[in-house]
Amino acid sequence: MVDQYLIQVVYPNPSRHKEGIKLVNHLMILHKDDKEKLKRSLNTLGQMFYELFDDYTRAAFWWQKYAQMGGSTDSLKMARCYFELGSKAVAAELLLQADSSYSRNNKDLIKLWAKIGEVDKALEMIESNSGTNSSGMDRIDFRGGRGSSQSENYLLAAEICRGAGRYDEAIAYYEKVLALPDSYTRSMNRHGTDGKVKAQANLEATRLLKKLDLKRVPDGSYTASTTGYGGPLTIRVVINGGNIESVKITQHWETFSYLVMAEPTARQIVTKQGFEGVDVITGATVTSDAIINAAAKALVNAME
Amino acid sequence: MRFEVSSKEKSREKLRSVLEKLGPTWLSTPWRRFAQAFCLILFLVLFFYFCWPYRFDYNSENAVQPAQLELFLVLDPLVGISTALAAKALVWSLATAAIVLLICTVFPRWFCGYVCPMGTLIDLFDWSIGRRIKRFRVIKRGWWVNLRFYLLTGILIVALFGVLLSGFVAAIPVLTRGMLYVFAPLQVGLLRGWEYVPKFNTGQYVSILLFLVILGLGLLRRRFWCAYLCPSGALLSLASVFSLTGRKVEDTCAECGRCLSDCPFDAITTDFSTRSLDCTLCRSCKDICPKQSIKFVSRWNDANKRSSGEGVVMQPFYTRRNFLFGMLSTAGTGVGVATGFTLEREGYAKSYPVRPPGSVPEVIFRSQCVRCGQCLKVCPGNVLQPAGLKFGIDGIWTPTVTADFSGCKPFCNNCGQVCPTGAIRKLPLDEKRAARLGLAEIDVKTCLPHCQSDKCGLCFEECAAAGYNAIEYIHIGVEYDNWGMPIADSGFLAPVVLKDKCIGCGLCQASCYAVNVRDKMLLDESAVKVLAGPGKEDRIVAGSYTVMQNERTNRIKQNQIKGPENEYLPDFLR
C-alpha cells in the first residue's frame with residue numbers, strides 16, 4: 001500500500017518528496033518491533049534519499065542499517081554512494097562483486113566504472129560485447145532484459161568518453177554510429193529517438209566542447225537552443241565572477257517526467273563547474289544530452 | 001481714409017471662418033462643441049486605447065493598469081443611485097452621482113448638453129444621417145414626452161425590490177455595451193486576429209439592437225432619446241428644478257418660432273418660454289433668434305422678460321390626470337416585473353455561473369452589477385464574456401468566466417478596478433490570487449493520461465507556469481520489471497487537482513480545450529472544467545481572501561499524520 005503511494009504520488013511530484021520521507025520515517029518508528037517491516041522501511045529510506053535527493057550520504061547510512069539487519073543492498077548503488085563519499089577503493093571492490101553477480105553487460109555497471117575513473121575498463125567491457133550478432137543486434141542487459149544494438153553500444157561508449165573529457169575518442173564513436181546502416185540505428189521502442197539523430201547532435205556539441213575554455217567567457221547571461229525530446233529546448237547559463245552560477249531551462253517541449261529525470265544534469269554542470277563527469281540520466285538521455293549540448297553551445301558562442 | 005483691420009480682428013475672422021465651415025453650432029456655441037468633442041474623444045481613448053495592447057509577462061509584477069476607465073460610468077447618476085437602492089449598500093459611485101446632481105443646481109442638466117458621449121454620438125448620427133432622411137420625422141409632441149419620467153420611476157421602484165434594470169436603459173451603460181459588442185470585437189479581430197474574438201450570444205445581439213434603435217430614433221427627431229426617453233436625463237432634469245440659471249426670453253421676441261423648431265431637447269413651449277425641466281443650456285437657440293432676445297441668466301433676473309401669453313395651449317396628454325395614470329401604471333408594472341425577477345432569480349442562482357474573481361455573492365451580484373460591460377472590455381484574455389439567457393433573464397449581460405476561451409491571468413486585476421458599482425470588488429494582486437472563482441475538476445473518464453491513451457501535461461504546465469502549483473501528478477499504470485522495480489517511463493502521469501490550492505482560474509481548461517479539443521480534436525470538451533458552487537468559490541462582501549486560503553490549508557494540514565518522528569529527521573527535512 002505504502003509502496004503504491006510512494007510510486008504513484010510521491011515520486012512524480014517534487015513537492016511531495018519531503019512528505020514521503022517523513023512518512024517512511026514514521027513507519028520505521030512505528031514498526032520498530034516488527035523486523036520485516038522495519039527492514040523494508042530502512043531499504044525504502046535509503047532508496048528515496050538516493051533517487052529523490054541525490055543524497056548519497058544518507059542513502060548509504062540507511063542502507064548500511066538495512067544490511068546490518070540482513071538485507072541485501074544493490075551493489076551498484078552502494079558503490080556509487082561510496083564513490084561520492086570519497087572512497088574509490090571500496091566502490092571499485094563493490095563493482096567487482098557486481099561484475100560476477102550481475103550480467104557483465106549491465107549498462108549502469110559500465111557507466112559506473114567509467115564514473116569512478118576506470119574509463120578504459122568500461123570501454124573494454126563495451127567492446128567485448130560488440131559484434132557477436134550478425135544482424136548488428138547484441139544484448140546489453142538494461143535492467144529488464146531489453147536488447148541493445150550496435151548503435152547503442154557506440155553511443156554509450158561515446159557518452160563515457162565525453163564525460164571523461166576524451167573528446168576525440170567520443171567523436172570517433174559518434175562517427176561510427178553515423179556510418180552504420182539506417183536499420184541498425186532505428187530505435188527499438190515506440191518513443192525512442194533514432195540513434196543517428198542523437199549521434200549527430202552530440203557530435204556537433206562535442207566539437208564545441210573541445211573548443212570550450214571557461215576562462216575566456218565573460219560574465220553575463222547566455223542562451224542557446226538545441227532539439228530536445230519533444231521540441232526545441234532553450235538553456236540560459238549565467239556566468240558570474242568567472243564561475244558558472246546557474247543553468248536554467250527557459251523553454252522546452254519535454255514531458256514532465258523527462259524533465260524531472262534530467263534535472264540533475266543541469267544541477268551537476270553548476271556543481272562541477274564544467275562538463276566533465278556530468279551524468280547523462282538513463283531513460284532520459286535525449287533530454288540530458290540536449291541540456292549539455294545547449295549549455296555548451298551557449299558558452300562557446302560567448303567565448304571571446 | 002483707410003480702414004485698418006487690427007491683427008486681433010484678423011485672427012478672429014480666421015477663427016470664425018474655420019468654425020463656420022464646421023457647422024452653424026460651432027460658430028454659435030463653440031465652447032459646447034469643444035466640450036462635447038473633448039468628452040467623446042476622452043471616452044473613446046479610455047475605452048479603446050488603455051486596454052490595448054495587452055502586455056503579459058509572467059515575470060512582471062504589474063499587468064496593464066487601466067486609468068480611470070469607469071469615469072463616465074460613475075458620472076451617470078442613475079447608475080450610482082439605482083445600484084445603491086438595489087443592493088442596499090453605499091456604493092462609491094453614489095458620491096460621484098451626488099456631485100453630478102449638485103452641479104445641476106448651478107448649471108441645469110449640464111451633463112446632457114456638454115458632456116454625455118452618448119449624446120455626442122447621437123448628434124453625430126443626426127448630423128451625418130438623420131438630417132438627410134426626413135421621412136420619419138415627427139413635428140408635434142406626442143404621447144411619448146413623459147416616457148423618461150415613467151422609465152425612471154419604474155427603474156427606481158424595481159431597484160427597491162433588489163432588481164437592477166438601470167443598465168438596460170441608462171445612458172452610459174447602453175453606450176459602453178453598444179461600443180463593446182460592436183467595436184471591441186472589431187478591434188481585437190483586426191489588431192490581434194479573428195480567432196481571438198469570442199462567439200456572440202443572444203444577449204449581445206439584443207444589446208447591439210438596442211444601441212442601433214436608440215441611434216435610429218434620431219430619424220424621428222433630433223436627440224429623440226435625450227429629450228424623451230433617457231432616464232438618466234430624467235434624473236438630471238429633476239435635479240435641475242431648483243437650478244440657479246436658466247433660459248430667459250426678452251420682450252423683443254418676434255415670435256417667429258425658429259427656436260421652437262430648432263431646440264434639440266424640445267425645451268421651448270409654444271409661447272416661446274422655457275420648459276425648465278428640459279432645458280440643458282445648450283444655447284442652440286441663441287444665435288438663431290433674429291432679434292437676439294434669448295439670454296441665459298440667473299433665475300431671478302426678470303428684466304425685460306417676455307410675459308407668458310394667456311392662451312397657452314395645453315396639450316391634451318399633458319394633463320395631470322394622464323401623468324398620474326402614467327405613473328401608476330409604471331409603478332404597477334414595476335412591481336410586477338420586480339416580483340417576477342425575484343422569484344425567478346432564486347432558481348437561476350443554482351445554475352452557478354462562474355463569476356470574476358472578487359465578485360460578491362450571486363444574489364447581491366445581480367442587484368449590484370449594472371451590466372455596463374466595462375469589465376468585459378478590460379479583461380485582457382477575453383475570459384469574461386457576457387452571459388446570454390443561460391443563467392436566467394436576470395443574468396443577461398452579466399460577466400461570466402468562459403474558461404474554454406482563455407484563463408484568468410495571475411498578474412491582472414483589471415476587472416475589479418473598473419467596476420463602477422463594486423459588484424466586483426477592487427482587489428490587490430495578492431488577494432486576487434487567493435480569491436477562488438471556482439474549482440477545477442478533472443473528468444477521469446476523458447482526460448487522456450487518466451484513460452491511459454496518451455501522454456499529456458498541459459494543465460499541469462499551465463498551472464505551474466502561473467505559479468499556483470495546484471495540479472500535481474499521480475503515476476498510474478506503472479509497469480514493473482522482473483526485480484519488482486518500477487520501469488521508469490512506463491505508465492502515465494495523470495493530473496490531479498489540489499483542492500486547497502486551486503482558485504479556478506481556468507488556465508488549465510483553456511489549454512486543454514485549445515489543444516485537445518480544437519487543435520487535435522481528440523476530445524469534444526475540455527477534460528478539466530472550472531465549476532462554481534457552494535464550497536468551490538469564495539464570494540464574500542468584505543474580508544480577506546488570503547486569510548480564507550490560509551485557514552483552508554491549515555485545516556487540511558491538521559488532518560495529516562502527526563507523530564514523534566520529527567526529532568529523527570535531518571534539519572533540511574523538518
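What is the mean pLDDT of chain A, and what share of its residues reach 70 or more?

**Entry 1: confidence.** I started here since this is a predicted model. The mean pLDDT of chain A is 83, and 90% of its residues reach 70 or more. I then looked up the pLDDT over residues 132–147 of chain A and found it below 50. Beyond near neighbours in sequence, that stretch still has 31 contacts in the model.

**Entry 2: overall form of chain A.** I listed the elements and got 14 helices and 5 strands in chain A. The C-alpha atoms of chain A fill a box of roughly 60 × 50 × 40 Å along the principal axes. I checked the radius of gyration next. A compact globule of 304 residues would have one near 19 Å, and chain A has 20 Å, which agrees. Of the 304 residues in chain A, 40% are buried. I also took the contacts in chain A between residues at least 6 apart in sequence; 50% of these join residues at least 24 apart.

**Entry 3: the sheet.** I found an open sheet of 3 strands in chain A, in the order E3-E4-E5, with antiparallel pairing. Which strands stand at its edges? They are strand E3 (220–227) and strand E5 (243–251) of chain A. Each has a single partner strand, so one side of each is left without a neighbour in the sheet. From one strand to the next, the twist averages 25 degrees. I looked at one pair in detail: strand E4 (residues 232–240) of chain A is joined to E5(A) by 7 bridges. Within this pair, A:Asn240 has A:Asn243 in E5(A) as its bridge partner.

**Entry 4: one residue.** Is A:Asn129 buried, partly exposed or exposed? I placed A:Asn129 in the loop between helix H8 (119–128) and E1 of chain A. A:Asn129 has 18 other C-beta atoms within 10 Å. Buried would take 20 or more and exposed 12 or fewer, so A:Asn129 counts as partly exposed. I also noted that A:Asn129 and A:Gln150 are 21 residues apart along the chain, while their C-alpha atoms are separated by 9.4 Å.

**Entry 5: chain B.** I looked up the domain assignment of chain B, which gives domain 1 (19–56 + 63–239), domain 2 (350–418) and domain 3 (440–558). The C-alpha centres of domain 1 and domain 3 of chain B lie 44 Å apart.

Terms used. Residues are numbered from 1 along each chain as its sequence is written. Chains are lettered from A and ligands numbered from 1 in the order in which they are written. This is a predicted model: local features need pLDDT of at least 70, side-chain atom pairs count only at pLDDT 80 or more; totals for chains, interfaces and linings use all residues. Domain bounds come from an automatic or database domain assignment. pLDDT is the predictor's confidence in each residue, from 0 to 100. Two residues are in contact if their C-beta atoms, placed from the backbone, lie within 7 Å. Helices (H or I, at least four residues) and strands (E, at least two) are DSSP runs, numbered from the N terminus. The radius of gyration is taken over C-alpha atoms; the globule rule is 2.2 Å times the number of residues to the power 0.38. Two strands pair if DSSP finds at least two bridges between them. Axes are lines fitted to C-alpha atoms, for helices over the stretch in contact, and angles run from 0 to 180 degrees between N-to-C directions.
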